[in-house]
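Thanks for coming, everyone. I have one structure to walk through today. Please have a look at it first.

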Amino acid sequence: MTRISFFLGFAALLTTATAEAAELPESIKQAGTLRLTVNSTYAPMEYRDPTTNQLVGLDIDLANEIAKRLGVKIVWSETPFAELIPSLQTKRADFIISGISDRSSRRETADFIDYLATGPQFFVLTENAAKSPIDLCGKKVGTTRSTSFPVEIEKWSKQNCEANGKPAVQYVPGENSVDVRNQLKQGRIDAAVQGTETLPYAQQQEAGKYRVIGEPFATGYQGIMFRKDDVALREVVTQHLAAMIADGSYKAILDKYGLGANAVAQPMMNASTQ
């Protein structure tokens, strides 16, 4: 089946689901709450507002709007990024919406409903002499260890550096995006990689500090992650997300964070090729 056929088929399923009005699982309906956990170090997707210390962000707004339409409240908790998937598997979280990429390696026990386009992008401190990504061959490049970006950096390096007789990029792991940017500012790495959804916020918060180099060098999606056996919950959330896209409330949330260009036309299930 082609990707286009798959998306058309999934769109038809969404239409059917809407017509049949998917039901919230009885256990959640009775509790009146969704239990969601996030890693609040990935602004603007989820982070603590430095002024109010409130949990805010694009994912927070999306989840709150979905919960409102479901008629339930959210009980939020926070965890390190590496614990997000275990929290889903052990049922401490009903689903995961926390800047997590749809990756084939994560689909053995989970399904993704993709809702945001993304891609890794190189950036440096403004005063760095690098003009294009090829200038980073042989340099130390940091990124968050638990993302897909280390693999994408290695692939890019083999195709663009090593294949042309240049030294390979030296990957340096970081715990999260804040740690990676601190390593860059401390001179421990020459460049860094983050998703296109986070760089505009970082540049806004530290004006004049960072400079993006080149275009995103891979494409992917962030998704809402569900246990494979939670079909009913996945369907009802997808139904409401599709309605939010149709009525413009989804786009309004993305625009609020300057990420309207990252919008998808419809929810897509396991659509990433990563």
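Let me start with a question: in which strand does I224 lie? I224 sits in strand β12, which covers residues 220-227. A word on the source before I go on. This is a predicted model, where local features need pLDDT of at least 70 and side-chain atom pairs count only at pLDDT 80 or more, while totals for chains, interfaces and linings use all residues. Residues are numbered from 1 along each chain as its sequence is written, and side-chain values use heavy atoms, with hydrogens and water left out.

A note on the element names too. Helices (H or I, at least four residues) and strands (E, at least two) are DSSP runs, numbered from the N terminus.

Back to I224. Is I224 buried or exposed? I224 counts as buried, because its relative accessibility is 1%. The terms here: buried is under 20% relative accessible area, exposed is over 50%, and partly exposed is in between, with a 1.4 Å probe and protein chains only. What does I224 touch? Leave out residues up to four places away in sequence, and the list is I66, F95, I96, I97, D111, F112, I113, Y115, V237 and L241. Contact means heavy atoms within 4.5 Å. K251 is another matter of distance: K251 and I224 are 27 residues apart along the chain, and their C-alpha atoms are separated by 17 Å.

Now the whole protein. The secondary structure comes to nine helices and 13 strands. The C-alpha atoms fill a box of roughly 55 × 50 × 35 Å, taken along the principal axes.

Burial next. Of the 274 residues, 52% are buried. The accessible surface comes to about 12,600 Å², and carbon and sulfur atoms hold 52% of that surface. Those areas come from the Shrake-Rupley method with a 1.4 Å probe; for residues, only the protein chains shown count as cover.

How about contacts along the chain? Take the contacts with a separation of 6 or more: residues 24 or more positions apart account for 76% of them.

On to the disulfide. The structure holds one. A disulfide here is a pair of cysteine sulfur atoms within 2.5 Å. Which cysteines form it? C137 and C161, with their sulfur atoms 2.0 Å apart. The pair links distant parts of the chain, 24 residues apart. C137 is in the loop between β7 (120-125) and β8 (140-144), and C161 is in the loop between α5 (149-160) and β9 (170-174). The angle about the S-S bond is -85°, and the link is left-handed. C137 counts as buried, because its relative accessibility is 10%. C161 is buried as well, with a relative accessible area of 0%.

Two loop residues now. S101 is found in the loop between α4 (84-89) and β6 (110-118). S101 is buried, with a relative accessible area of 11%. Beyond four places in sequence, S101 touches R106, F112, Y221, Q222 and Q274. S101 and G220 are 119 residues apart along the chain, yet their C-alpha atoms are separated by 7.3 Å.

N128 is in the loop between β7 and β8. N128 counts as partly exposed, because its relative accessibility is 23%. Leaving aside neighbours within four places, N128 is in contact with D190 and R211. From N128 to K185, the distance is 11 Å, C-alpha to C-alpha, across 57 residues of sequence.

Last, the backbone. Most residues other than glycine have a negative phi, and most peptide bonds are trans. Where does this model depart from that? The peptide bond from A43 to P44 is cis, with omega near 5°. P44 is in the loop between β2 (41-42) and β3 (46-48). N53 has a positive phi of about 65° and is not a glycine. N53 sits in the loop between β3 and β4 (55-56). N270, also not a glycine, has a positive phi of about 50°. N270 lies in the segment after β13 (268-269).
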